[in-house]
Amino acid sequence: MMRRPAPLELDFTGHVPDASGGDAGARVETLAPGAVVLRGFALEHADEIGRAVADIAAVAPFRRMTTPGNRRMSVEMTNCGPLGWVSDHRGYRYSPVDPESGRRWPPMPHVIAALAARAADEAGFPGFEPDACLVNRYAPGTKLSLHQDKDERDFSAPIVSVSLGVPATFLLGGLTRKDAPVRIRVEHGDVVVWGGPARLRYHGVAPLAEAEHPFAGSYRINLTLRRAA
Ligand code: MD3
Ligand code: FE
């Protein structure tokens, strides 16, 4: 018997999240209006995605970028797809080329784009076609400070994030920096969709605990899929 969501899981779109059509057995949790976690949604494709990330990193290696204020970010990043998110002394932006090599980012693997589209659909955002996939790698102790994602042209598209490897704690704040964040545990295979009224909420990641996971040793890998252009 397919699990049916309780009425309180009705989200702002009026869409009823339904685990059918996603990973069999994925559980849906609404975190806030517009923010939905699909627990385990990526599990059946995790190994294939892991191999794809290794292939991407062989061409466009993980690197620590510099903020416009000339601070080095602790998270290591790379990208795939038509546009990649980059940061340097000139600012944050999306670029079709890897500034390290001057070449285009590797293509977005179908397994990743298709998973993101299915997850967005499940969360009530049909027709999501990401053109940017940022791959974040967290070593133990690495964190991502509270920020908003606002380098994209159009905030009507959601953002989909896929968590792999060592578990982490997302910090989900409000629309201004002063709203105290809530903590959300995300594990290997969890997919989160952030859209509508949640799209511009402040968010971050707490320092990664020292831990081991068979997927990638002591690392956490996060894929963030966006419509940037
Ligand atoms: C909540 N990455 O790359 S993904 C980022 O886990 C980023 O690597 C984090 O934030 C990570 O910009 C978090 C989750 C996420 C992404 C976008 C959001 C959460 C969000 C937009 C609005 C609210
Ligand atoms: Fe972000």
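Author: A term first: Ala, Val, Leu, Ile, Met, Phe, Trp, Tyr, Cys and Pro count as nonpolar, Asp, Glu, Lys and Arg as charged, and the others, Gly among them, as polar. Note too that this is a predicted model.

Reader: With those classes, how do the residues of the shell around ligand 1 divide?

Author: The shell holds 19 residues. Asn136, Tyr138, His203, Arg220 and Arg226 are the closest of them. By class, the shell divides into 8 nonpolar, 6 polar and 5 charged.

Reader: Which element gives the largest share of the shell around ligand 1?

Author: Ligand 1 takes up the space of the largest pocket. Elements that give two or more residues to its shell are β6, β7, β8, β12 and β13. The largest share is 4 residues, and it comes from β13.

Reader: Which side chain has an N or O atom 2.8 Å from an oxygen atom of ligand 1?

Author: His147 has an N or O atom 3.1 Å from a ligand 1 oxygen. For Arg220, a polar side-chain atom lies 2.9 Å from an oxygen of ligand 1. The 2.8 Å value belongs to Arg226.

Reader: How much of the area that ligand 1 exposes when taken alone does the protein bury?

Author: Taken alone, ligand 1 exposes 500 Å². The share of that buried by the protein is 98%.

Reader: How much space lies in the largest pocket?

Author: This pocket is the space taken by ligand 1. Its volume is about 850 Å³.

Reader: Which residues of the lining are the closest to the centre of the largest pocket?

Author: The lining has 39 residues. They divide into 16 nonpolar, 11 polar and 12 charged. Closest to the centre are Met73, Leu144, Ser145, His147 and Asp149.

Reader: Which backbone oxygen does the side chain of Gln148 reach?

Author: Gln148 sits in the loop between β7 and β8. Its side chain makes a 3.3 Å polar contact with the side chain of Tyr202. At 2.9 Å, the Gln148 side chain also reaches the backbone oxygen of Leu200.

Methods. Residues are numbered from 1 along each chain as its sequence is written. Chains are lettered from A and ligands numbered from 1 in the order in which they are written. This is a predicted model: local features need pLDDT of at least 70, side-chain atom pairs count only at pLDDT 80 or more; totals for chains, interfaces and linings use all residues. Side-chain values use heavy atoms; hydrogens and water are left out. On a 1 Å grid over the protein atoms alone, a cavity is a set of points where a 1.4 Å probe fits but cannot get out, and a pocket is an open set with protein on both sides within 12 Å along at least five of seven lines; lining residues have an atom within 4 Å of a point. Grid points are joined across faces, edges and corners, and a volume is the space filled by probe spheres set on the points. A residue is near a molecule or strand if one of its heavy atoms lies within 4 Å of it. A polar contact is a pair of N or O atoms within 3.5 Å; within protein, one must be able to donate a hydrogen and the other to accept it, and residues adjacent in sequence count only if both atoms are side-chain atoms. Accessible areas come from the Shrake-Rupley method with a 1.4 Å probe; for residues, only the protein chains shown count as cover. A molecule sits in a cavity or pocket if more than half of its atoms lie within 2 Å of its grid points.
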